[in-house]
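Let's take a friendly walk through a protein model. Have the sequence and the 3D view ready as you read.

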Amino acid sequence: MNMQVDKKVAIMQPYFFPYVGYFQLINAVDTFIIYDNIKYTKKGWINRNRMLNHGSDAIFSLPLRKGSDALDVREREIASDFNESKLLNQLREAYRKAPYQEAVLKMIEGVLAGGERNLFVFVHKSIQGVCKFLKIPTQIVVSSTIDIDHSLQSQDKVLALCQAVRADTYINAIGGVELYSQDVFANAGIKLKFLRSRLVEYAQFDAPFVPWLSIIDLMMFNSVDEIHEQLSCGYDLI
């Protein structure tokens, strides 16, 4: 007799080299759906993140061409004067004495190669690059490729996506607790869970620890095996 195994699904916006919690979420599910047909939001993390620089956090970013606020992420373009080498050198200088700098910079260089200027394609590539580096096997699916009514909004859209891929469990980042109803998901036959990352400190040179930086920071100072420990055990599901 075959036992049915839960299919766990998560759905998120695309973020540029996001923090460890994003990859904990990817690692915790069987299918990770990444939104491409969602509005670009200013001052978010879609095209920027934080790194360590001389003991403090500093922003690194992808400059964008001017565009309407009504455009989706997949309709936004990176500025033509974006200098990949400048960003790579910025990260190289900030982490020049980090123990895993060489391998991490090689991965980032692969993401930056090719001259891609579509924002979604570029950020999607960065997430895939990290997952390959960290050996995260989760299937990543682009939202617009799933056959649903894409005019749906918020919880209704999440439910439709979950049902389309036959999810048994939907896991969301802890920030979405107020956005979703346990009863609504239960009525659809889907368990609703939230992932809350635990703060795990690690050595960042000899300076006081700066938390919740880009996954790049974690990879610069920790081995893949050490990171896998955080990906698998460094959070609570509630």
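## Terms and ground rules

A residue is called buried when its relative accessible area is under 20%, exposed when it is over 50%, and partly exposed in between (1.4 Å probe, protein chains only). This is a predicted model, in which local features need pLDDT of at least 70, side-chain atom pairs count only at pLDDT 80 or more, and totals for chains, interfaces and linings use all residues. Residues are numbered from 1 along each chain as its sequence is written, and side-chain values use heavy atoms, with hydrogens and water left out.

## A look at Leu-52

Start with Leu-52, which sits in strand β3, residues 48-53. Helices (H or I, at least four residues) and strands (E, at least two) are DSSP runs, numbered from the N terminus. Is Leu-52 buried or exposed? Leu-52 counts as buried because its relative accessibility is 2%.

Which residues does Leu-52 touch, leaving aside its neighbours within four places in sequence? Its contacts (heavy atoms within 4.5 Å) include Ala-94, Tyr-95, Phe-205 and Phe-221. Leu-91 lies 39 residues from Leu-52 in sequence, and their C-alpha atoms are 9.0 Å apart in space.

## Salt bridges across the chain

Side chains of opposite charge can pair when their charged atoms come close. A salt bridge here is a side-chain nitrogen of Lys or Arg within 4 Å of a carboxyl oxygen of Asp or Glu. How many salt bridges does the structure hold? There are 7.

One of them joins the side chains of Asp-72 and Lys-39, at 3.2 Å from N to O. This pair links distant parts of the chain, 33 residues apart: Asp-72 is in the loop between β4 (56-61) and α2 (84-94), while Lys-39 is in the loop between β2 (31-34) and β3. Asp-72 is buried, with a relative accessible area of 11%, whereas Lys-39 is partly exposed at 44%.

## Two further pairs

Arg-96 and Glu-93 form another salt bridge, with their closest N and O atoms 3.2 Å apart. Arg-96 counts as exposed because its relative accessibility is 51%, and Glu-93 is partly exposed at 47%.

Asp-236 and Arg-198 also meet through their side chains in a salt bridge, at 2.9 Å from N to O. Asp-236 lies in strand β8 (residues 235-237) and Arg-198 in the loop between β7 (191-197) and α7 (215-221), so this pair ties together parts that are 38 residues apart in sequence. Asp-236 is partly exposed, with a relative accessible area of 27%, and Arg-198 is partly exposed at 38%.
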